[in-house]
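Here is my note on the model. Please read the points beside the structure.

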Amino acid sequence: MKTLTHQPFLAQIIDHLDRSNRNQQSLLIFPTQLSIDYFQSLLNKKEEQKSVTCLTLHQFIMMHSSIKPLPTLTLLSRLYRLAEQVLDRKESFEQFYGWGLTLLQDFNGIDTHFLNDSGLCASFIQQKKKTVDTFVDQNLLGSLQKARTLSQLQEKEELLVGQQFPLLYESFRESLIEKQEGYEGLCYRMAQPLPKLIATYQELIFIGFNLLTAVEEHFIQQCKAIASTTFFWDVDAHYLDHPNNIAGHYLRQHRAKKWFQKSFPTPTYLNDPGKKVWLIEASSMVAQVQAVVAALQEKTNKGLPKFPATQTAIVVSGSDLLIPLLDQLSKLSIPLHCKLEYPFSATVIYTLLVQLVKLWEATMEGNQLEIYIANLLALCDPFVKDMTQSGRAIGHALSNDRSYQSEASDIWLNKTHKDLLSYLKEGLAYIDHYFVEPDGLFLALNKMALRHLLKYIDGLAAEMDSCSVAFLLNRVKENKMCFHQNHPITGLYIVEVSASYNLDFEHIFFLNMNEGAFPKPMHHDSFIPYDLRYTLGLPFLDKVAENSTAYGFYRLLQRAQNIYCNYVQKNSLDTSSEMNRLLMQLTFDSKLKIIQSDHCIYSPTKSIPVISIQKDDGVMQLLNRFLVKESSAAASSLTPSALIAYLSCPLQFYFIYLLQLKQQVWPKHGAEAVQLGTLFHRVMAQFYQPFIGVEMDKEMVMQLASNIKVKLKEAIAAQRTELSAPMLLHTLLEKLLARMVDLDGSDAPFTILGVEVAIKQPILLNLDIVREVWLSGVIDRIDSSNHLIRIIDYKTGLSNYKVSSIASLFDPTQVKKNKAMFQTFLYAWLFKSLYGAHGLDQVMPYLIHIRSLFLADYKPGIFIQQSDNGKKYQQIKDIMEYAQPFEEALKALLLEIFNPAIPFVQTQDLEICGYCPYVRICQRDVVA
Ligand code: SF4
């Protein structure tokens, strides 16, 4: 039994079955497969198992549907062809894919909620004439708007106004029904209970449902009319009878219906005085995981596990913590039971796919293959037997040794120039064929990922003649795969809170119960305007997630005895939010024994080692790559970013620039800032590239403004990754670029000397021996007017433009706010030292802080505190005045880097660790 104190909810069903006088099988209908697994683990007798059939509601409805579901890609491909005719518009399938998916979701929603076709059509036509404000009150509007991020779809929305959307919906629906095929909502809508099939069961038992869509409820109602039905609701009076508790939102609606009414019990276990709820504030997201995993290893005085796997569950919301959680659990020998969505992009198979795509590109373009082959072999190594042999074979093939033949080299060297999908299918099928026996979580996960990928590529190949690299990678990256471990009796359950229905455990660990993380905010694109959604009664995903999560949380609390709710403390590196509202509510609306803990009660005591890298011969060798040698052409150089990394954290510099451990680091506030910066730089470079050497007057500059839309479109098209908030970025960039051109216009005339200018220059150091170190960088733009050369650097991130002194540019405690100025100043200094220290022209470091462009009094450049008046700052117009202190400080910094007696140490500033890709190596994510 997975609970000790109270009987689990599903045991009531067994009692019911035992009590009933049965001569036929009963059909048990559950909300999820997990609840079936749990139920079957309670059935210990073979006869009991034989006397019931268990189905999920989805399986049950599909059995009665006259039409069969099609894969999403097939549906999209059909919809694509139909949309071309109905909307009289040509575009590629890849262009259609994104908005086609939204259309498909809308159609599915319409059928799932039983909307009437003619009513829908009338509403859409009427909608054209109405304004949003006439429908909804302003408070609601904010919440509705969250549900609809139509940005990139806006252009398409114009195509679908009035009759077009209903027309497309009806034509698509008819064409599918004609072939007896459909999407899930349509299959549900076409389902009719088959009396013959239903008659084979003595009783239909519907178990532990919460939210039922209109089409599901209609189907159940039809079953009730022709069969003996029993309903079991898993509820507690604590939330069911409190109209303000959203955990009971859907159940209160069911209870109000006549045909459900009688089946509603009102037990209450929730406020059991023996129950204990710990609210545990952890220092970081990963710290919670480590603490839970440590708790799972704790023993009682009798040497037994304190939290036996069979009575314990870990509950998550979303997939954020699955990667560290599975990583930590893989070190224990505890079997797991779970069925979770796992981000495909977090698997090694995804990285392997990216390498395989690069290799394919290299084979098609006739480029050197060695580096891609080496990467591929390294990534395949844990999965494929005899990878060394394959590597040898490919080596022979690359050196044109015809006497040596191998399957692997034939496939991967792509001698026959296969198209992308065929190439990937063959290569991945080879890996799958030779995949080692998966005997741990890591291998099992990647094996599942490989199978998932193969299936996905098969689906693409069936619907598309060709597929671009960007399309493939973007689609695969956003894919979620199912991670399934099947040990329902002995395993530790890991469950998603909204899929935890009917499951009960003695001990429960909730993870990441922070506001904004539990539940995760949902975004929902839709062509159905939000006011119309509201009028038609279509649900909003964020509200559904909120209500379902609340039910999942309170329901799990009902019969459990020890509940550990982990959340990350405010101001930690991981989050700025706080304990979520469910926990807050629990503290005032329940009579439970709630124990608040500032620190982790089951925290591991292991101390975190300090890392310090001594500069031994090996490390000095790595550093010597930056020195000027005789053959200096290919020598590495230190960039401003490298020096900033050193000032921020010497160890981080060592990881990035010496060990070259290049890891992906996501900006704390999403990818938007990076994309904004990249696109802004790209468009500005395109603007001025044709005018190098040309003096531009105001009129010429202002003409650039008319090109903003076109250049922006080109820059976005060249982008390999999808924009994270396309409409927002597009609008913002248009405004910023227009403002920038405006500003340039007011500075005209000027002569463009270069854009994206690569510059490399050595600096002489005197240590015990004379050394020269290469420094380099890429200057965004250089222009000149009236003997003033501007070294222009556009900055999109947050940065300062005022500095107290040149020395403070080198102060590690100020590097976070000063790095943009440091970089621009270094560029100006490099330029001056390369093109003439004695030139007549002034060299001005010209930092343009893009986010400040709209400030009324904003003036680009760098401003330094006046030595005679500490309150005033003056613009640096020529670096000559500051070149000497800058050069001295720069040399001192480089001498420190090259000093064998000074080790690479860790920063003391934990905020820097929060953005650092090596935070796991340093374990700085558990000490904040
Ligand atoms: S985690 Fe912190 S200490 Fe470690 S390398 Fe990164 S910044 Fe330095």
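1. The shell around the ligand divides into 7 nonpolar, 3 polar and 1 charged residue (Ala, Val, Leu, Ile, Met, Phe, Trp, Tyr, Cys and Pro count as nonpolar, Asp, Glu, Lys and Arg as charged, the others, Gly among them, as polar). Its members are C649, Q652, F655, Q906, T907, I912, C913, C916, V919, C922 and R924, each with a heavy atom within 4 Å of the ligand. Helix 32 (650–658), helix 39 (910–914) and helix 40 (919–922) each give two or more residues to this shell.

2. This is a predicted model, where local features need pLDDT of at least 70, side-chain atom pairs count only at pLDDT 80 or more, and totals for chains, interfaces and linings use all residues. Residues are numbered from 1 along each chain as its sequence is written, and side-chain values use heavy atoms, with hydrogens and water left out.

3. The protein chain has 40 helices and 24 strands (DSSP runs, H or I of at least four residues for helices, E of at least two for strands, numbered from the N terminus). Of its 928 residues, 52% count as buried, meaning under 20% relative accessible area with a 1.4 Å probe, protein chains only.

4. The largest nonpolar core has 188 residues (buried Ala, Val, Leu, Ile, Met, Phe, Trp, Tyr and Cys joined through side-chain atoms within 4.5 Å). F39, F60, L329, W412 and F510 have the most contacts inside it. A second, separate core has 64 residues, including L623, L826, A883 and Y918.

5. Take F60. Leaving aside neighbours within four places in sequence, F60 contacts L27, I29, L55, I198, L204, F206, F219 and C223 (contact: heavy atoms within 4.5 Å).

Definitions and conventions
Buried means under 20% relative accessible area, exposed over 50%, partly exposed in between (1.4 Å probe, protein chains only).
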